[in-house]
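Hi,

Here is the structure I said I would pass on.

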Amino acid sequence: MIDKDFLSFHNKDFLNYYGELRGRLHTFKTALNLLNQRGGKVIVETGCQRERDNWEDGQSTRVFADYARKHDTHLYTVDIKREYIELAQEIVGNENVTYTTMDSIKYIGDFKKNIDLLYLDSVDVPMPEIIDAFQQHSDCYLTNIRDLSVDEAVERFGDLLLPAQTHCLNEIKAALPNLHRDSIILIDDNWIPGGGKPRLAREWLFDNDWELLMDWQQTLWIKK
């Protein structure tokens, strides 16, 4: 049973401090409030922060690390690119954070702790290539790529979407032994045409007794 006030994150500075998260503010806020209410202590993030102050890109490592330090929680973040891990470590610091350079599916498969919040944001969807492919379709009657239905987008450039979508699904499957009744799953880049990064993961979650709570730039799930 979800607390009726699960949207009310009890940190008066949250909105002001993270007010430039664009479409991610309310999903971050809800996920962390649920984590707090459920007493979760382990956050696993795939795909770490890779720029210093680009709030449009989310700054998730910074957000999760800040929460972890205030709530006796630990963040485990993994990225396959060492330069991103090193930059995140330089920006965020080491307190309550463990950094690992590794393929995220292997990392999750080897992870030994229960995962209370799983945040998936590895393997980017190649938006420049998708936009270019969209613009080259002379038969396309739409002027805005976001007006495409999911099926239309998958038909036109599904080959560009599939690597990120498959990787995201495989991350969830690798995490299954570490997920529990109160686990929370949050996936980024849900807004991208063709179902974005989580398209295949969403289908799997729907079919495996997970409940969709919020669906915007990020998609947020809990067990039914």
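One definition before anything else: helices (H or I, at least four residues) and strands (E, at least two) are DSSP runs, numbered from the N terminus. This is a predicted model, so local features need pLDDT of at least 70 and side-chain atom pairs count only at pLDDT 80 or more, while totals for chains, interfaces and linings use all residues. Residues are numbered from 1 along each chain as its sequence is written, and side-chain values use heavy atoms, with hydrogens and water left out.

I'll start with helix 7, where Ala164 sits. Ala164 counts as buried because its relative accessible area is 1% (buried is under 20%, exposed over 50%, partly exposed in between, with a 1.4 Å probe and protein chains only). Taking contact as heavy atoms within 4.5 Å, and not counting residues up to four places away in sequence, Ala164 touches Val123, Asp124, Val125 and Lys197. The pair Ala164 and Lys197 is 33 residues apart in sequence, yet 5.6 Å apart in space, C-alpha to C-alpha.

Helix 7 also packs on helix 8. Their axes come within 6 Å and cross at roughly 65° (axes are lines fitted to C-alpha atoms, for helices over the stretch in contact, and angles run from 0 to 180 degrees between N-to-C directions). Helix 7 brings residues including Leu162, Cys168 and Ile172 to the contact, and helix 8 brings, among them, Ala201, Trp204 and Leu205. By type, the contact residues divide into 10 nonpolar, 2 polar and 2 charged.

Now the cores. I mean sets of buried Ala, Val, Leu, Ile, Met, Phe, Trp, Tyr and Cys residues joined through side-chain atoms within 4.5 Å. The largest nonpolar core has 24 residues, and Val44, Leu118, Ile172, Ile185, Ile187 and Leu205 have the most contacts inside it. Elements that give two or more residues to this core include strand 1 (42-46), strand 5 (184-187) and helix 8 (199-207). Its largest share, 5 residues, comes from helix 7. Leaving out residues up to four places away in sequence, Ile187 touches Leu120, Cys168, Ile172 and Leu205, among others. There is also a second, separate core of 23 residues, which includes Ala31, Tyr67, Tyr99 and Tyr119.

How many aromatic pairs are there? I get 6, with Phe, Tyr and Trp (its six-membered ring) pairing if ring centres lie within 6.5 Å; planes under 30 degrees apart are stacked, over 60 edge-to-face and the rest tilted. Phe28 and Phe64 have ring centres 5.4 Å apart and planes at 85°, so they are edge-to-face. That pair joins helix 2 (residues 25-37) to helix 3 (residues 60-70), across 36 residues. Phe28 is buried at 0%, and Phe64 is buried at 0% as well. Ring pairs link Phe28, Phe64 and Tyr119 into a cluster.

Phe206 and Trp221 are edge-to-face too, with centres 4.9 Å apart and planes at 85°. Phe206 is partly exposed at 44%, whereas Trp221 is buried at 0%.

Last, the cysteines. With a disulfide taken as a pair of cysteine sulfur atoms within 2.5 Å, the count is 0. Cys48 is buried at 7% and Cys168 at 1%.

Cheers

Technical notes:
Nonpolar A, V, L, I, M, F, W, Y, C, P; charged D, E, K, R; others polar.
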